[in-house]
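Please walk me through this structure, taking one chain and then the other.

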Amino acid sequence: MLSENEQERFLRLWADAQPAVAAFVHAVVRDSAAAKDLLQETAMVVFRRFADYDSERPFVAWALGVAKLQVLGFRRDEARSPVTFDTELFNQFTASWAEQAPAVSQQSVALELCLERMAARPRQILRWRYFEDLKSEEIASRLGSKSAAVRVTLQRLREQLRACVEKQMRLERRAW
Amino acid sequence: MSDSKDLIAGYLDDSLTEEERQKLAVWLKAHPDNLRRFVEANLFNENLRAAVSSHCQREAMEAFSPNLGILPWLKVRLATRMPLRGLLASPAGMAVAAALALVALVLLVDLLRPSASGSGAVSWARVVQTRSTQVSASTPSLQADRPVPARRIGLLAGAVELSLHNGVTIVFEGPGDLELVTPMRVLLHSGQAVVRVPGNATGFQLETTAAQIVDLGTEFGVKCGPGGASEILVFDGKVVASASGKGAGFPLQLAAGTGTRFTSDQPNPTQIAYRPERFVRRFPADKPVELDEPGSALFNTARYEEVVVSRLERSLTIDGDLSDWSDVHSFRTVRNERRGEFIEGRMHYDEEFLYLGAHIGDPAPMRNVVDPATDGEVGWRGGGLQMRIATDPALGWPVEGNAAEYYLMRRMTTDAAQVAKATNSHLVHLTMWHHAPSAQPCLHLAFGMDFHSSKVNPPGYRAAYRKDAHGRGYTMEYALPWSLLNAPRVPHPGETLAISWTAHWSDQGGRLWRGQWVEIRNATEPRRIHTWERAATWGRAVFRRVSAEAPCSSRGVRPR
C-alpha cells in the first residue's frame, strides 16, 4: 500500500502522463470505447505497480510500457488485430511515442488557434470525424460525396493545420 | 493507395485494407525515420481530436449563450484532501483505503483528462491558496503550495489564488475558465479575476473575448460575463485596454478608481460604476473553519418529488413572516444538521401571483453581496434560493428540454425539435437573494434552457426577508406575478407544473458559494444531472383548491 505522500506523487505524475497515454491507446486501438476501458485498466495497473517505478526513468515512458502490455492483452483477448505491427515494431512504436509525446503536447494552443481560423465547412468535416467519430463513408453520405474524396479532404486539412501550427509556433517563439 | 503518405492517412482514417496494413508494416520497418514520421502523424492526429472536441464544446456553448447555468461542467471533484492519515492507521483501514484509491483512480482516468490546451502542470505557476473550490471535470484538483496542475483551469465555484514566477498574482473566482498561456499572458474565457502585477512584470496581458488589457504596474479586476462582455475595474495604477475581435478599437488608458465595460460587438467601451467590492482582491487572513470547509457535493438525493400549491383563500402580507401562510402543505428538508442548514418551504397561488415562502437555516444568513446591477446572473453565489418552473400547464410532466451542456457532455447533436424545446420561454429560472449592502430583495429571471431574455429586479414582484432572531437563518417571501413568469394562464386546480428548488449557501462574506441542496426533483432521473441542464429532472407542483384538500400524513408532499 502506498503512503499518502506516494499516492500524491503518483497522482501528480499520472496527471502529467495521462494525456500521452490516452492518445497512445486510442492511436493503436482505434476504438473509443475500447480505448477508454484500456486506459482505465492501464491506470489501475500503473497504480498497483507504482512501487516498482524507477524514478530515474521518465514516468511517461514507464506508463506507456504498461499501456503497451494492456493493448497486447486486448489484442489477444479480443482476437482482433487493430495494429498490424509485430511485437518488435510495436516496442519501437511505443518508445518513439514516449520520446515525441512531450514535445508534441506543446502544439495544443497553436492548434486551437488554427482551428479558430478555419472556414465553417472544413471545420464541420473535422467535427464529424473527430468529435462525432464518423467514418469517411458516413461523412461522404452527409456531403453527398464519395468516401475517397472525404479521405483526401481530411488529409489536406491535417496538412493545412500542421503547416499553420508550425507557423504559429515559430511566431510565438519569436515573440517570446 | 500506394505511397507512404496515403498509407498513413488511411491508418488515421481507419480505411486501410488488410493488404495496405501489411504494406504499412513493411514500410515502417524499412527505416527508423519512417516509424518516427508515423508516430508524429498519430500524435498530431490525437492532438487534433482533443482540440476539435474542445473547440466544438466551446462553440456550442457560445451558440446557446447560457448565462444562468450555474455550473457549466457536469463532473466535479472537491479540491480538498481526503483525511487519509486516520484511515491508514489500521490494517482494515488500509484495505479500505486501497480499495477507495483504486475506485478513485478509475474515476480519475476520466476526471484528470485535461483539455486540448491544458496538458500537464504549469511549471511557472503555483497555487497559493484555495477557498471552497470545486473544479471542473477537465481540471485536476488544486492544492496549495503546488504547481498549477493544468494550463486551463475550470472552476465551478470558490476562488483560488495563483502566483506566477514573475511575481504576478491572480485571484480567480468561479464559476469560470482561466487559461495560463505564458507568464506574461493569460486568457480569461469566463468568470472573474483580480491581477496584481509587480514592476518587473509590467506589460502583463490579460485577454477576454471582448478586451485586451495590458498592465502598466498595477492591480485590476476583470469580469468576463454573459456573451463575453468584459468589465474592468482598476484598483491601483493604470492599464491599457482595447476592444478585441471585430470591434477592435484604439487602446485606452484606464486609471485607478475607474470601471469600464467592453462588449464584443462595439469598439467603444462604456463607463461603469467603480465598485471594488464586486471582486475578491485578497483572501481573508483568518479562515473561519466552520464556514469555509467545502459544502457538499453538487448532487443530492432530494427528499421530495412533489409539492402542493394551494390556492389562497385570503390575502398574504409579504413581510418576511410566514405566520399568515398555511403550513398544511409545507415541506422541510435538512442539508446539514450540525451546521443548521435546512429548507422549509411552502407555496400558494391566486389569480395574480405565485407565492413562495421559505425559512432557510443558514449560519451566514442574508449576507449576499452579489450586486444585482452588475452580476445578477450569479446571484446564487452569495447564498439564496433558485426555483425553476414550467409555467405552461400544457407542457405536462416531466417536461422535456435540455441545456446545451447536456448534449455537449454526451457528445450528442441536436435537431430542430430539441432546440425548440430547449428554448421554450415557459421554462423559467428564478434566482432570489437578499443583497446585503442595499438590504434589497432581488430577483433574477431567465427563460428556456438557454437562459435567454434575462431580467434583474423587474417591476411587479413583491418580496421581503427577515433574519432569525438567533441569527442562524432567515425567512423569505416572494409574490411573483404570473405575467412575469410568462405563464399563458393561471393553472387550474388539479393541474401540475414542473418545478424544482435549489437553496444555496455562501461563506460569511456572502461572496463565495459553499454548496447547495436540490429539492422537489423527479426521482426517476439520475441524481448526477443538474436541474439547470435538464428540465425532466424537475419535480411536480400540484395545484389544489384549499377547501377540497384535507391534511394528510405526508402533509401534501410525497417524501421519497
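The paragraphs below begin with chain A and then turn to chain B.

This is a predicted model, in which local features need pLDDT of at least 70 and side-chain atom pairs count only at pLDDT 80 or more, while totals for chains, interfaces and linings use all residues. Residues are numbered from 1 along each chain as its sequence is written, and chains are lettered from A and ligands numbered from 1 in the order in which they are written.

In chain A, helix 1 covers residues 4–29; helices (H or I, at least four residues) and strands (E, at least two) are DSSP runs, numbered from the N terminus. Helix 1 of chain A has a kink of about 45° at A:Ala17, shortly before the proline A:Pro19. The bend at a residue is the angle between axes fitted to the seven residues ending there and the seven starting there.

Helix 2 of chain A spans residues 32–48, and its axis comes within 9 Å of that of helix 1 of chain A, crossing at roughly 145°. Axes are lines fitted to C-alpha atoms, for helices over the stretch in contact, and angles run from 0 to 180 degrees between N-to-C directions. Residues that make the contact include A:Trp14 and A:Val25 of helix 1 of chain A and A:Leu38 and A:Phe47 of helix 2 of chain A; two residues are in contact if their C-beta atoms, placed from the backbone, lie within 7 Å.

Chain B has 560 residues, and 50% of them count as buried. Its secondary structure comprises nine helices and 27 strands. Helix 1 (residues 4–12) and helix 2 (residues 18–30) of chain B pack at about 120°, with axes 10 Å apart.

B:Trp27 lies in helix 2 of chain B. B:Trp27 is partly exposed because 17 other C-beta atoms lie within 10 Å. Not counting residues up to four places away in sequence, B:Trp27 touches B:Ser4, B:Leu7 and B:Asn34. The C-alpha atoms of B:Trp27 and B:Ser4 are 7.4 Å apart, although 23 residues separate the two along the chain.

Terms used:
A residue is buried if 20 or more other C-beta atoms lie within 10 Å of its own, exposed if 12 or fewer, and partly exposed in between; C-beta atoms are placed from the backbone.
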